[in-house]
Amino acid sequence: MSELYTRFIHETFDQSGRLVFYTYDYGPNFNFGYDIIDPLGEECPQKLAMIWENDRGEQVRLTFREIRERSNQAANLFRSRGLKKGDVLMAALRTHWEYWITAIAAHKLGLLLSPVYYRLPAQDLLYRMEKARAKGVICCQEGETALRVREAADQAGITLRLALGEAEGFENFSALLPQQPTTLDRVETGCHDPMLLYFTSGTTGDPKGVLHDHAYVLANHCGARYMQDTTAESRHFATGDSGWEVLAGTKFYCQWMQAATLLVYDYDRFPPEKVLAFLEREKATGVMAQPTVYRKLIQAGMDQYDLSSVTCFAVGGEKLTDDLANAVFQQTGQVLYEGYAQSETGLIAAASKNMGRKEGSVGKILPKYHVELLKEDGTFAQPGEEGEIVIVADNGQRPDGLMMGYLDDPEATRRLWDGNLFHTGDSAVMDEDRFLFYRGRSDGLIKTKGYRVSPVEIENALSLHPAVEDCLAVGEPDPELGQKVKVYVTLAQGHTPSPQLEEELMTFHNAACAGFKKIRALEFVPHLARNSNGKLIRGQFREKN
């Protein structure tokens with residue numbers, strides 16, 4: 001078959017073959033399920049779409065025909081349970097292969113799919129269910145996932161509940177799926193209808209719901225092709241839970257637009273030796289992971305496995321350090337290609353074989369966006385000058401790939417996107433070749449293990465302890481995590497600093513939060529500085545960190 005993506009994306013290259021520009025060509029009803037998956041199921045039905053394995057040794061191999069048919073079966077199941085276009089379906093499915101089937105089925109029906117992290121506490125799930133006004137939920141059963149989902153769904157009044165297997169209070173998705181018809185008549189959806197709803201941390205208030213439309217999937221093409229070097233011959237492996245936007249950009253939409261085979265490994269705690277054995281056995285051609293993951297692979301010994309089939313190692317989610325890049329090179333003989341992305345924008349810059357790379361840079365600005373650096377005086381920076389990374393709306397149009405906005409929060413949307421500029425909140429320097437050199441966050445957001453953590457969420461939760469008068473959460477550099485969560489605490493009257501109280505406060509917070517939000521260090525201080533408006537000065541301990 002011809003390269004499927006060329007039906008929707010037209011690329012322009014310079015004389016050396018490097019991508020310099022591209023345009024989109026899609027109709028008003030573009031839908032990934034009908035316009036990408038269904039043609040793949042017809043034109044290369046026997047080609048492997050996914051090789052899935054878990055840490056218990058179970059394996060599933062799915063062709064594009066099977067992806068098409070099973071997504072139709074899931075769509076018929078969802079529709080038989082009353083879900084219709086515009087309804088929200090929440091999915092806490094980890095990286096089970098059923099997530100991909102569920103997502104495509106939701107897209108085909110015009111549902112708004114809201115993936116969430118399977119380890120979230122019940123109160124976090126409840127907030128997302130109520131905020132999204134979810135009509136149904138589907139979940140895995142690892143750990144206490146089903147129990148927490150059921151507790152949250154009870155309080156949210158959600159009666160449509162599906163689980164992978166038998167679980168009290170749920171219908172058995174795994175048993176019901178094979179009973180459904182494998183054909184589906186097309187449901188009319190719009191290319192700019194909302195398709196995905198991700199919840200992401202910010203520095204003010206509760207997590208915000210990021211909305212993406214159906215055209216968003218096309219904008220992922222740049223990352224798949226020009227960072228991860230994905231082609232129809234690729235067997236591409238990436239890490240990342242289905243609850244985060246990273247999965248959409250690194251092991252789903254545009255990898256399949258290339259007709260590549262996805263290598264998916266599902267696990268509770270990342271098992272480096274098992275993953276390396278999986279990559280060796282299945283002859284992976286590309287790997288995309290966070291620096292934290294690469295550190296574990298290095299410790300396990302990448303040079304102890306035959307990874308000669310891998311032609312591209314890519315990294316993102318945290319700032320890449322020189323020591324890690326050198327260690328990967330020493331064990332594999334290959335460089336790490338770095339990228340820069342946000343949940344609201346997808347990939348913005350990347351290093352790759354096609355785009356080139358420079359030491360210390362997170363990559364070259366991709367032609368999917370018009371990107372500038374905005375200085376404090378309101379002018380755009382020249383090469384070598386620092387500024388905030390902003391996306392410019394050419395001709396007053398929201399570029400494809402940029403979020404539609406935050407769910408039910410127009411004020412928060414306007415703070416970042418005024419119709420002319422989208423503010424990332426990240427500072428950088430750009431050189432004359434448009435390579436980006438990342439400097440840091442301007443708003444205190446913490447990046448740990450590849451996740452974004454709101455300091456306000458940490459502070460609000462810890463402040464519920466009666467011994468806490470005031471607290472400030474920051475990201476402290478950490479060689480394993482990128483940043484670790486550290487909290488400075490002033491104590492309420494009648495309480496005295498002690499190792500016992502420190503342990504009590506950390507346990508109080510960490511026992512009720514998702515793992516990536518755990519406080520790793522706590523320090524008692526006599527005073528926390530605030531500005532004239534009463535807001536915490538987030539940089540007051542910067543020299544210490």
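Why is β13 largely enclosed by the rest of the structure? I looked up burial first: six of the six residues of β13 are buried, so the strand is largely enclosed. Buried here means under 20% relative accessible area, exposed over 50%, and partly exposed in between, with a 1.4 Å probe and protein chains only. Helices (H or I, at least four residues) and strands (E, at least two) are DSSP runs, numbered from the N terminus.

Before going on I noted the ground rules. This is a predicted model, in which local features need pLDDT of at least 70 and side-chain atom pairs count only at pLDDT 80 or more, while totals for chains, interfaces and linings use all residues. Residues are numbered from 1 along each chain as its sequence is written, and side-chain values use heavy atoms, with hydrogens and water left out.

**Strand β13**

I checked both faces of β13. Thr-261, Leu-263 and Tyr-265 are buried on one side. Leu-262, Val-264 and Asp-266 are buried on the other.

Next I looked for its partners; two strands pair if DSSP finds at least two bridges between them. β3 (residues 48-54) pairs with β13 in the parallel sense, over five bridges. Asn-54 has Asp-266 of β13 as its bridge partner. β12 (residues 235-238) also runs parallel to β13, joined by three bridges. There, His-236 is bridged to Leu-262.

**Second largest pocket**

I read its volume as about 740 Å³. On a 1 Å grid over the protein atoms alone, a pocket is an open set of points with protein on both sides within 12 Å along at least five of seven lines, and lining residues have an atom within 4 Å of a point. Grid points are joined across faces, edges and corners, and the volume is the space filled by probe spheres set on the points.

The lining has 34 residues; Tyr-117, Arg-119, Asp-268, Lys-449 and Tyr-451 are the closest to the centre. β13 (261-266) and α12 (291-300) are the elements that give two or more residues. α12 gives the most, with three. By class I noted 15 nonpolar, seven polar and twelve charged residues. Ala, Val, Leu, Ile, Met, Phe, Trp, Tyr, Cys and Pro count as nonpolar, Asp, Glu, Lys and Arg as charged, and the others, Gly among them, as polar.

**Helix α13**

Which residues of α13 (residues 322-332) are buried? I found Leu-324, Ala-327 and Val-328. Exposed Asp-322 and Gln-330 sit on the face turned away from the buried side.

The buried residues pack against α12 and β16 (336-342); contact means heavy atoms within 4.5 Å. Gly-333 follows the helix, with a positive phi near 80 degrees.

**Single residues**

I looked up Asp-38 in helix α1 (residues 32-43). Asp-38 is buried, at 11% relative accessible area. Not counting residues up to four places away in sequence, Asp-38 touches Gly-33, Arg-68 and Lys-108.

Then I turned to phi. Most residues other than glycine have a negative phi. Lys-283 has a positive value, near 55 degrees. Lys-283 lies in the loop between α11 (272-281) and β14 (286-289), and is exposed at 54%. Arg-434 also has a positive phi, about 65 degrees. Arg-434 is in the loop between β22 (421-430) and β23 (435-441), and is partly exposed at 31%.

Methods
1 Å grid on protein atoms, 1.4 Å probe; cavity = no way out; pocket = protein on both sides within 12 Å on 5 of 7 lines; lining within 4 Å.
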